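Here are a few exercises to work through with the model open on your screen. Try each one yourself before reading the solution.

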Amino acid sequence: ELSSGINAEYGEEDNSSQKCAMVCSGSTGRTSTDYQAYGNNVYVDVDMTECGFAKVPNVVISVEGSSHHWIALGTSSVYNTTPTTFRVYLHNQKATAAAGELNEEKYKWNIEWVAVGFTC
């Protein structure tokens, strides 16, 4: 049985019933990720509305692509998670690609994600 309140001291929400637990996953897409410029970096907001989470889920990410993502920073960092969205900031030390080039033929960077949470 899932323990309730175990993360309360860390500011996490209490767990719901096991019957409401859900695993949901997705990808931002190799050629459709909407990167936004952020100084010398980029960010992307990921929509997971279709998962139907009632509380903030735990999200794990990785960056998939065809070039230079192996030296990127931020590839497992998730920001501002809500039941419907989260944000990822990325910095690549070597490639100086504009935000739009990251999901084109040259790089094909995309965010692969898995979220575990509760729907009730």
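**Exercise 1: the core**

Which residues have the most contacts inside the largest nonpolar core, and how many residues does that core have?

Solution. Keep in mind that you're looking at a predicted model.
- Step 1: count the members. The largest nonpolar core has 21 residues.
- Step 2: pick out the ones with the most contacts inside it. These are Tyr35, Met48, Phe86, Leu90, Trp109, Ile111 and Trp113.
- Step 3: ask where the core comes from. Strand 3, strand 4 (58-64), strand 6 and strand 7 (110-118) are the elements giving two or more residues to this core.
- Step 4: zoom out. Across the protein's 120 residues, 32% count as buried.

**Exercise 2: the strands and their sheets**

Work out how many strands and helices the protein has, and in what order the strands sit in each sheet.

Solution. 
- Step 1: take inventory. There are seven strands and zero helices, and along the sequence the pattern reads β-β-β-β-β-β-β.
- Step 2: Strand 2 and strand 3 (residues 41-47) run antiparallel and are joined by three bridges. Glutamine 36 has tyrosine 43 in strand 3 as its bridge partner.
- Step 3: Seven bridges hold strand 4 and strand 7 together in the antiparallel sense.

**Exercise 3: a tyrosine cluster**

Describe how the rings of Tyr38, Tyr43, Tyr79 and Tyr89, which form one aromatic cluster, are arranged.

Solution. A pair of aromatic rings is described by the distance of the centres and the angle of the planes.
- Step 1: count the pairs. The total comes to six aromatic pairs, taking ring centres within 6.5 Å.
- Step 2: take tyrosine 38 and tyrosine 43. Their ring centres are 6.2 Å apart and their planes stand at 85°, so this pair is edge-to-face. The cut-off for that label is an angle over 60 degrees.
- Step 3: Tyrosine 38, at 46% relative accessibility, counts as partly exposed, whereas tyrosine 43, at 17%, counts as buried.
- Step 4: move on to tyrosine 79 and tyrosine 89. This pair is edge-to-face as well, with 5.0 Å centre to centre and 90° between the planes. Tyrosine 79 is in the loop between strand 5 and strand 6 (85-92), while tyrosine 89 is in strand 6, ten residues apart. Tyrosine 79 counts as partly exposed at 38% relative accessibility.

**Exercise 4: phenylalanine 53**

Is phenylalanine 53 buried or exposed, and which residues is it in contact with beyond its sequence neighbours?

Solution. 
- Step 1: locate it. Phenylalanine 53 is in the loop between strand 3 and strand 4.
- Step 2: check burial. With 7% relative accessibility, phenylalanine 53 counts as buried.
- Step 3: list contacts, leaving aside neighbours within four places in sequence. Among them are Met22, Cys24, Met48, Pro83, Phe118 and Thr119.
- Step 4: look at one of these partners. The C-alpha atoms of phenylalanine 53 and threonine 119 are separated by 4.4 Å, although the two are 66 residues apart along the chain.
- Step 5: Among contacts between residues at least 6 apart in sequence, 71% join residues at least 24 apart.

**Exercise 5: a buried asparagine**

Find which side chain is joined to that of asparagine 110 by a polar contact of 2.6 Å.

Solution. 
- Step 1: Asparagine 110 lies in strand 7 and is buried, with a relative accessible area of 0%.
- Step 2: find the partner. The side chain in question belongs to glutamate 64.
- Step 3: check the sheet. Glutamate 64 also stands opposite asparagine 110 in strand 7.
- Step 4: look for backbone partners. A polar atom of the asparagine 110 side chain lies 3.2 Å from the backbone oxygen of lysine 108.
- Step 5: survey the surroundings. Not counting residues up to four places away in sequence, asparagine 110 touches residues including Ser27, Thr28, Arg30, Tyr35 and Ser62.

Methods:
Residues numbered from 1 in each chain as written. Predicted model: local features only at pLDDT ≥ 70, side-chain atom pairs only at ≥ 80, totals over all residues. Heavy atoms only, no water. Pairing = 2+ DSSP bridges. Helix = DSSP H or I, 4+ residues; strand = E, 2+ residues; numbered from the N terminus. Phe/Tyr/Trp six-rings, centres within 6.5 Å; stacked < 30°, edge-to-face > 60°. Buried < 20%, exposed > 50% of the residue type's maximum accessible area, 1.4 Å probe, protein only. Core = buried A, V, L, I, M, F, W, Y, C linked by side-chain atoms within 4.5 Å. Contact = heavy atoms within 4.5 Å. Polar contact = N/O pair within 3.5 Å; in protein donor to acceptor, adjacent residues only side chain to side chain.
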